[in-house]
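Student: I am new to this structure and would like to go through it with you. Could we begin with the terms you use?

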Amino acid sequence: MPQVSLIGAPTDIGASRLGCRLGPQSLRVAGIVDALERYGCDVHDAGDLSGPDNPQQPPVDGYRHLPEVAEWNRSVFAATAAELTAGRLPILLGGDHCLAIGSISAVAAHCRASGRKLRVIWVDAHADFNTAELTPSGNIHGMPVACLAGHGPDELTTLTGTRPAIGTDEIRQVGLRSVDPGEKAFLNESGIEVFDMRFVDEIGMRRTMVRALAGVDENTHLHLSLDLDFVDPEIAPGVGTPVRGGPTYREAQLVMEMIADTHRLGSVDLVELNPALDVRNTTAELAVDLIESLFGKSTLHRLHEGIAL
């Protein structure tokens with residue numbers, strides 16, 4: 001029985017639009033606790049973290065709300081680390097994607113301490129690989145991957161005590177379709193393995209995920225960082241930065257099912273839900289549906305093991 005802990009982080013401190021602060025409660029209303037229990041999980045809802053309000057200020061030296069973002073991420077880091085130490089699987093309920101700096105830093109530190117490999121599957125419409133010099137907006141939810149890879153302010157790049165928090169060989173990005181011009185060149189230089197939507201279109205989601213999960217074994221901690229704008233906005237309207245041309249409902253479900261097939265999932269970010277922009281909680285309900293697939297829901301009992309079908 002998976003021991004799962006929900007950690008709410010109700011903030012839009014790093015986002016371009018207000019509303020993500022409402023995400024954790026919207027996911028609870030959509031039934032995330034019942035859904036996890038239905039698929040055999042022992043669920044502990046740790047409640048919501050607290051942190052500074054969104055001051056809605058312009059960028060300073062290329063960063064919007066850096067002190068506040070850092071405070072939120074320190075709280076996320078501590079809460080995630082505590083659940084991992086207790087042997088539980090933390091699910092971060094966002095909140096915007098800047099919070100992944102704290103959660104993934106905690107996971108990386110845990111993996112180093114336990115001698116395990118880390119694989120981060122980052123599913124998103126955006127690369128989130130901006131820096132203060134490259135960003136067109138200063139919004140830090142567009143920078144978490146860069147910060148985790150060591151490119152950013154000390155407040156966000158040294159949460160683990162080492163810099164970088166993760167190596168670029170430990171992350172795979174899936175579903176990208178909106179990358180800023182300067183970010184595009186920097187991403188290419190980084191060596192991160194990226195499977196954008198053209199790649200998915202050309203070879204299919206199943207083969208994409210086979211590649212993204214290649215090398216995951218019994219000594220791997222698999223972390224899923226799921227930005228809900230990964231899914232096409234026709235079926236996930238409740239996000240702050242929608243981009244047309246994303247995965248279909250079935251493609252998104254396949255991603256979750258193939259991750260579930262590895263039996264190596266150790267932690268999750270579920271972020272960028274903006275109920276203020278949603279339609280009758282449609283996106284929150286989709287998120288819960290995806291979580292169900294991540295924890296074992298499938299049409300049939302599968303006859304194969306792992307991802308090598």
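Tutor: A residue is called buried under 20% relative accessible area, exposed over 50%, and partly exposed in between, with a 1.4 Å probe and protein chains only. This is a predicted model, in which local features need pLDDT of at least 70, side-chain atom pairs count only at pLDDT 80 or more, and totals for chains, interfaces and linings use all residues. Residues are numbered from 1 along each chain as its sequence is written, and side-chain values use heavy atoms, with hydrogens and water left out.

Student: Is His65 buried or exposed?

Tutor: His65 counts as buried, at 5% relative accessibility. Its phi is positive, about 65 degrees, although His65 is not a glycine.

Student: Where does His65 lie?

Tutor: His65 is in the loop between β2 (42-48) and α3 (66-85). Helices (H or I, at least four residues) and strands (E, at least two) are DSSP runs, numbered from the N terminus.

Student: What about Glu272: what is its phi?

Tutor: Phi of Glu272 is near 70 degrees, a positive value in a residue other than glycine. Glu272 sits in the loop between β8 (265-271) and α11 (282-294) and is buried, with a relative accessible area of 2%.

Student: Changing topic, which residues does the cis peptide bond with omega of about 5 degrees join?

Tutor: That bond joins Arg163 and Pro164. Pro164 is placed in the loop between α6 (154-157) and β5 (171-174). The peptide bond from Gly94 to Gly95 is also cis, with omega near 15 degrees, and Gly95 belongs to the loop between β3 (89-94) and α4 (100-114).

Student: Now α10: how many residues does it have?

Tutor: Helix α10 (residues 249-262) has 14 residues and reaches 21 Å from its first C-alpha to its last, close to the 20 Å expected. The expected span is 1.5 Å times one less than the number of residues.

Student: Which residues of α10 are buried?

Tutor: Among them are Ala252, Val255, Met256 and Ile259. The cover over the buried residues of α10 includes β4 (117-123), α9 (205-212), β7 (220-227), β8 and α11, by contact, meaning heavy atoms within 4.5 Å.

Student: And what follows α10?

Tutor: His263 follows α10, and its phi is positive, near 60 degrees.
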